[in-house]
Amino acid sequence: MGVFNNSYEVRGDFVFIPTFTYLFAWFLPGLIPGKTLISLVKGPNGYVKSKKENIPFRNIKEADLRRNGFTLVKRLVINMHDGKQYCICTYDLIDELDINVMINQYVYPYMTPDARKVWNEQVNFEKLHELIKYKREDNMNM
């Protein structure tokens, strides 16, 4: 009567080991030192570098940060005017605010007017200003 069996308490911890191992396997590539997640080449002929090919700023129709439902990894999804779609994994290392500022500063000035309209509807600039004091420069309305 004085001896307690604590084996039931330990079993609850083992339930989470497969879940965390699964998530670790998907997020591991983002932890490789020196790995470049996103590269931008600035200017009127600028482009986003991806593994497959370069994505010119002028051809970008829409850009959005989405979470993959299977792997739970966030990725930058870029839709093109010709219907192509590119996905760049961010491994949750790049925040949505950082993506919004990056696209607004480097890609927005070279987007088509239709893409600019979609981007302006998609991004909450009041929230950007409130959280990180970011404000779009007036000369970006080229």
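Start with strand 4 and strand 5: seven bridges join this antiparallel pair. Two strands count as paired if DSSP finds at least two bridges between them. Helices (H or I, at least four residues) and strands (E, at least two) are DSSP runs, numbered from the N terminus.

Before going on, note what is on screen. This is a predicted model, where local features need pLDDT of at least 70 and side-chain atom pairs count only at pLDDT 80 or more, while totals for chains, interfaces and linings use all residues. Residues are numbered from 1 along each chain as its sequence is written, and side-chain values use heavy atoms, with hydrogens and water left out.

**Stop 1**

Contact means heavy atoms within 4.5 Å.

**Stop 1: arginine 67**

Which residue of strand 5 is the bridge partner of arginine 67? Select lysine 74: that is the partner.

Stay on arginine 67 and look at its side chain. It meets the side chain of aspartate 92 in a salt bridge, 3.3 Å from N to O. Arginine 67 lies in strand 4 (residues 60-67) and aspartate 92 in the loop between strand 6 and helix 3, so the pair ties together parts that are 25 residues apart in sequence. A salt bridge is a side-chain nitrogen of Lys or Arg within 4 Å of a carboxyl oxygen of Asp or Glu.

Check the surface at both ends. Arginine 67 is partly exposed, at 45% relative accessible area. Aspartate 92 is partly exposed too, at 33%. The terms have cut-offs: buried is under 20% relative accessible area, exposed is over 50%, and partly exposed is in between (1.4 Å probe, protein chains only).

**Stop 2: the second salt bridge**

How many salt bridges does the structure hold? There are two. For the other one, select aspartate 64 and arginine 66, whose side chains meet at 3.4 Å, N to O. Aspartate 64 is partly exposed at 24% relative accessibility. Arginine 66 is partly exposed as well, with 32%.

**Stop 4**

Tyrosine 91 sits in the loop between strand 6 (85-89) and helix 3 (96-107). Most residues other than glycine have a negative phi. Tyrosine 91, not a glycine, has a positive phi of about 55 degrees. Aspartate 92 is not a glycine either, and has a positive phi of about 60 degrees.

Is tyrosine 91 buried or exposed? Tyrosine 91 is buried, with a relative accessible area of 11%.

**Stop 3: asparagine 79**

Move to strand 5 (residues 74-80), where asparagine 79 lies. At 15% relative accessibility, asparagine 79 counts as buried. Show its surroundings. Leaving aside neighbours within four places in sequence, asparagine 79 is in contact with residues including Asn59, Ile60, Arg66 and Gln85.

**Stop 4: aspartate 82**

Next, select aspartate 82 in the loop between strand 5 and strand 6. Aspartate 82 is exposed, with a relative accessible area of 57%. Its side chain reaches the backbone nitrogen of lysine 84 at 3.2 Å. Now pick isoleucine 60.

**Last stop: the whole chain**

Zoom out. The protein chain has five helices and six strands. Along the sequence, the pattern is α-α-β-β-β-β-β-β-α-α-α. Of the 142 residues, 31% are buried. Among contacts with a separation of 6 or more, 47% come from residues 24 or more positions apart.

Finish with the surface. The protein chain exposes about 10000 Å², and carbon and sulfur atoms supply 55% of it. Accessible areas come from the Shrake-Rupley method with a 1.4 Å probe; for residues, only the protein chains shown count as cover.

Definitions and conventions. A polar contact is a pair of N or O atoms within 3.5 Å; within protein, one must be able to donate a hydrogen and the other to accept it, and residues adjacent in sequence count only if both atoms are side-chain atoms.
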